[in-house]
Amino acid sequence: MLRITDARTGEPVDAAPARRGLTRVEAHPQGSDPTNLRVLLVADLLVRALELGGTPVWALLTGGRRQAELRAAGAALGARPFEDGGGFGAGLGEAQVLHVVSEGGTAPDGVRVAVAPVHGETDGADPAALRLALLARPRSEPVTVGPAALDAAADTLDRWRRAVADWARRPSRPIPDTVRAELRTAWEDDLDTAGVLDVLRAVETDPGLTDGARFETYAYADRLLGLDLTRDLGTPA
């Protein structure tokens, strides 16, 4: 079960305390700069993680300036569409409400998921490389994004996409139970995407795994990561 740290108390709580109960994920960005884009990204990851666990989710985007610009940047980054959250109050039948805010930000009653700032210049960055660069650090830690980090992320994405396309040509094999458990343990521990990426790096070079199992592992993890790792399937070898 996904556990997330509530910024109000510093304690972990169940992100979906009622089995199959509706959970509202509400993002509260205050602009369209990289920090607020990261707020939207974390909200997107929360929605994906909850849905992978079988929890119905209502995703909302509330308030803030330059919302049209943020929505466009979020779409380029691969974030799911969020409904306009203006005017919705508590008591609409949700079992849980998760408010995603920038570090130090305020929100209505409910679990508060704080997101640390992003430093550096992201204008003109490849959205997929930027997404990976942001996923590489825990959401509670500041991220500095620059040309070196973006180039490294782009290189990793290119390598993984080519590898996934190659692995897909081999007979499919199930994800080993231990690997699936490692992936879920990582993302259910306060949405540890850095831990998920560590598992993928280990799977990439593990001599004990077949290519078919590698493919299924990467495709499964990408349901959370949203990096379009299967993009190059069917391209010439």
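Student: Is A163 buried or exposed?
Tutor: In this predicted model, A163 counts as buried, because its relative accessibility is 16% and the limit for buried is under 20%.

Student: Which element holds A163?
Tutor: A163 has its place in helix 4.

Student: And how far is A163 from R214?
Tutor: The C-alpha atoms of A163 and R214 are 9.2 Å apart in space, while the two residues are 51 residues apart in sequence.

Student: Let us turn to aromatic rings. How many aromatic pairs are there?
Tutor: The count comes to three aromatic pairs. W167 and Y218 form an edge-to-face pair, with 5.1 Å centre to centre and 70° between the planes.

Student: Which parts does the pair of W167 and Y218 tie together?
Tutor: W167 lies in helix 4 (residues 147–167) and Y218 in helix 7 (residues 211–225), so this pair ties together parts that are 51 residues apart in sequence.

Student: Are W167 and Y218 buried or exposed?
Tutor: W167 counts as buried at 7% relative accessibility, and Y218 counts as buried at 0%.

Student: What about the rings of W187 and Y220?
Tutor: The centres of these rings, W187 and Y220, are 5.6 Å apart and their planes are at 45°, so the pair is tilted. W187 lies in helix 5 (residues 177–187) and Y220 in helix 7, so the pair ties together parts that are 33 residues apart in sequence. W187 is buried, with a relative accessible area of 1%, and Y220 counts as buried at 9%.

Student: Which residues do ring pairs link into a cluster?
Tutor: The cluster linked by ring pairs consists of W160, W167 and Y218.

Student: Which charged end sits over the ring of Y220?
Tutor: That is the charged end of R180, which sits 4.6 Å from the centre of the Y220 ring.

Student: Helix 7 keeps coming up. How many of its residues are buried?
Tutor: Eleven of the 15 residues of helix 7 are buried, so helix 7 is largely enclosed by the rest of the structure. Among them are G212, R214, F215, T217, Y218, Y220 and D222.

Student: What covers the buried residues of helix 7?
Tutor: The cover includes helix 1 (34–52), helix 3 (127–135), helix 4, helix 5 and helix 6 (193–205).

Student: What span should helix 7 have?
Tutor: At 1.5 Å a residue, the 15 residues of helix 7 should span 21 Å; the end C-alpha atoms are 20 Å apart, which agrees.

Student: And what follows helix 7?
Tutor: G226 follows helix 7, and the phi of G226 is positive, near 65°.

Student: What does L183 touch?
Tutor: Leaving aside residues up to four places away in sequence, L183 touches V196, V199, L200, T217, Y220 and A221.

Student: A change of topic: what is the strand order in the open sheet?
Tutor: The open sheet has five strands in the order 5-4-3-6-7, with parallel pairing. Strand 5 (83–84) and strand 7 stand at the edges, each with a single partner strand, so one side of each is left without a neighbour in the sheet.

Student: Where does strand 6 pair, and over how many bridges?
Tutor: Strand 6 pairs in the parallel sense with strand 3 (residues 23–27) over five bridges, and with strand 7 (residues 111–115), also parallel, over five bridges. V97 in strand 6 is the bridge partner of R24, and A114 in strand 7 is the bridge partner of V101.

Student: Which residues of strand 6 lie on each side?
Tutor: Q96, L98, V100 and S102 are on one side, and V97, H99 and V101 are on the other; all are buried, and both faces are covered. In a regular strand the side chains alternate between the two faces of the sheet.

Student: Finally, how many bridges join strand 3 to strand 4?
Tutor: Five bridges join strand 3 to strand 4 (residues 57–61), and the two run parallel. V25 stands opposite A59 in strand 4.

Terms used: Residues numbered from 1 in each chain as written. Predicted model: local features only at pLDDT ≥ 70, side-chain atom pairs only at ≥ 80, totals over all residues. Heavy atoms only, no water. Phe/Tyr/Trp six-rings, centres within 6.5 Å; stacked < 30°, edge-to-face > 60°. Helix = DSSP H or I, 4+ residues; strand = E, 2+ residues; numbered from the N terminus. Buried < 20%, exposed > 50% of the residue type's maximum accessible area, 1.4 Å probe, protein only. Lys NZ or Arg CZ within 6 Å of the ring centre and 35° of its normal. Expected span 1.5 Å × (residues − 1). Contact = heavy atoms within 4.5 Å. Pairing = 2+ DSSP bridges.
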